[in-house]
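Good morning, and thank you for coming. I would like to take you through one protein structure, topic by topic.

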Amino acid sequence: MILFKQVADLQAALSTARHEGKTIGFVPTMGALHEGHLSLLELARHQYDITVCSIFVNPTQFNDPKDFEKYPVTTDADIRLLEQAGINMLFLPGVSEIYPSGTTPGHHYDLGELEGLLDGAYRPGHFQGVCQVVHRLLDIVQPNALFLGQKDYQQCLVLKRMVQLENIPVEIIMAPTRREKDGLALSSRNMRLSPEAREKATALYKALQYFGENITVKSIQELRLESSAFLLRNDFEKVDYIEVADAGSLLPVEEITPGLKLVLLTAAFIEGVRLIDNLEWTVAG
Ligand code: AMP
């Protein structure tokens, strides 16, 4: 694996590869790699000649500076994992490589209603920061395909919109969420949990399943209240939301009808760590 820290060096190598007719799959990450990241890399590796992974903890997408400071950094272990996984290129830039003119956004992305819903409401500016960094990374890498995890469901929809708005010729591939055996979605943030909280955190997945299983039996408001109470009983200290939305638009659903494609989404804090999860759900009938 070749490690690039400078934009110019990565671009030169990719330009040579493109001239040789090679296709490029791209997996952007913030590091602290786990099986979830590796599943995206594996998909990319099977479908494209060259797989580029980037590791960059993007300061502009953190609305809470403490969350940014505490974000886990495990670069040496990440490099070992990527080498074992047979990845060709790692891009590990510093902030000045990504933002040579500073981090202040020069552009506002018109994300429409997606911007203010769910995570957008609780993390102001977050999705603008995500678009800013992924747009910049796509400009640099110019891949054929961008691999994203469904674990960050709203982020996937936001980035699909950004790519459309900016007319970027890239295919977006959404990969399923990888979970621990007990259902907890793999996340770099799980590393910050004590063993006790790690065990309790599986309540997030259980709450989503309960919500889905009862969606035709109880009212949405009842399910919101019951699921939140369940999380609080399991040592979560704050629930930002546990919600059901239309799987395509993320807009709230009023009526549950057979065949409807939904997504159940939640964000909640345990030991001060904000975890998110979601489940796609088709109403039976
Ligand atoms: P992050 O490093 O958290 O920014 O994630 C980088 C990419 O990996 C994003 O596209 C995430 O959605 C994806 N990802 C994170 N966790 C998982 C998971 N448990 N399963 C699948 N993909 C994931």
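I shall speak about the ligand and its surroundings, then the aromatic rings, then the cysteines, and finally one proline. Please keep in mind that this is a predicted model.

Let us begin with the ligand. Which residues are closest to it? The shell around the ligand has 16 residues, and the closest are Met 30, His 37, Asp 152, Arg 178 and Leu 186. Three of these five can be described in more detail, atom by atom. In Met 30, a backbone N or O atom is found 2.9 Å from an oxygen atom of the ligand. Asp 152 uses its side chain instead: one of its polar atoms lies 2.6 Å from an oxygen atom of the ligand. For Arg 178, the atom in question is again a backbone N or O atom, and it is 2.8 Å from a nitrogen atom of the ligand. Taken on its own, the ligand has 480 Å² of accessible area, and the protein covers 92% of that.

Where in the fold do the surrounding residues come from? At least two residues of the shell are supplied by each of β2 (24–29), α2 (35–47) and β5 (145–149). Helix α2 gives the most, namely three residues.

I turn now to the aromatic rings. A pair of such rings is described by two quantities, the distance of the centres and the angle of the planes. How many aromatic pairs does the whole structure contain? The search finds five. In one of them, Tyr 48 and Phe 147 have ring centres 5.9 Å apart and planes at 80 degrees, so this pair is edge-to-face. The two partners come from distant parts of the chain, 99 residues apart: Tyr 48 sits in the loop between α2 and β3 (50–55), whereas Phe 147 belongs to strand β5. Tyr 48 and Phe 147 are both buried.

A second example is the pair of Phe 62 and Phe 68. Here the centres are 5.2 Å apart and the planes are at 55 degrees, so the pair is tilted. Are these two residues buried or exposed? Phe 62 counts as buried because its relative accessibility is 10%, while Phe 68, at 32%, counts as partly exposed. Ring pairs also bring in Tyr 71, which forms a cluster with Phe 62 and Phe 68.

Next, the cysteines. A disulfide is a covalent bond between the sulfur atoms of two cysteines. In this model the count of disulfides is zero. Cys 53, for instance, is in no disulfide, and the nearest cysteine sulfur, in Cys 156, is 16 Å away. Cys 53 counts as buried, because its relative accessibility is 0%. Cys 156 is buried as well, with a relative accessible area of 0%.

Finally, the proline. Pro 143 is located in the loop between α7 (126–141) and β5. With a relative accessible area of 6%, Pro 143 is buried. Its C-alpha atom is separated by 8.6 Å from that of Glu 171, a residue 28 positions away along the chain.

Technical notes. Residues numbered from 1 in each chain as written. Predicted model: local features only at pLDDT ≥ 70, side-chain atom pairs only at ≥ 80, totals over all residues. Heavy atoms only, no water. Disulfide = S-S within 2.5 Å. Buried < 20%, exposed > 50% of the residue type's maximum accessible area, 1.4 Å probe, protein only. Near = heavy atom within 4 Å. Polar contact = N/O pair within 3.5 Å; in protein donor to acceptor, adjacent residues only side chain to side chain. Areas by Shrake-Rupley, 256 points an atom, 1.4 Å probe, with all protein chains shown as cover. Helix = DSSP H or I, 4+ residues; strand = E, 2+ residues; numbered from the N terminus. Phe/Tyr/Trp six-rings, centres within 6.5 Å; stacked < 30°, edge-to-face > 60°.
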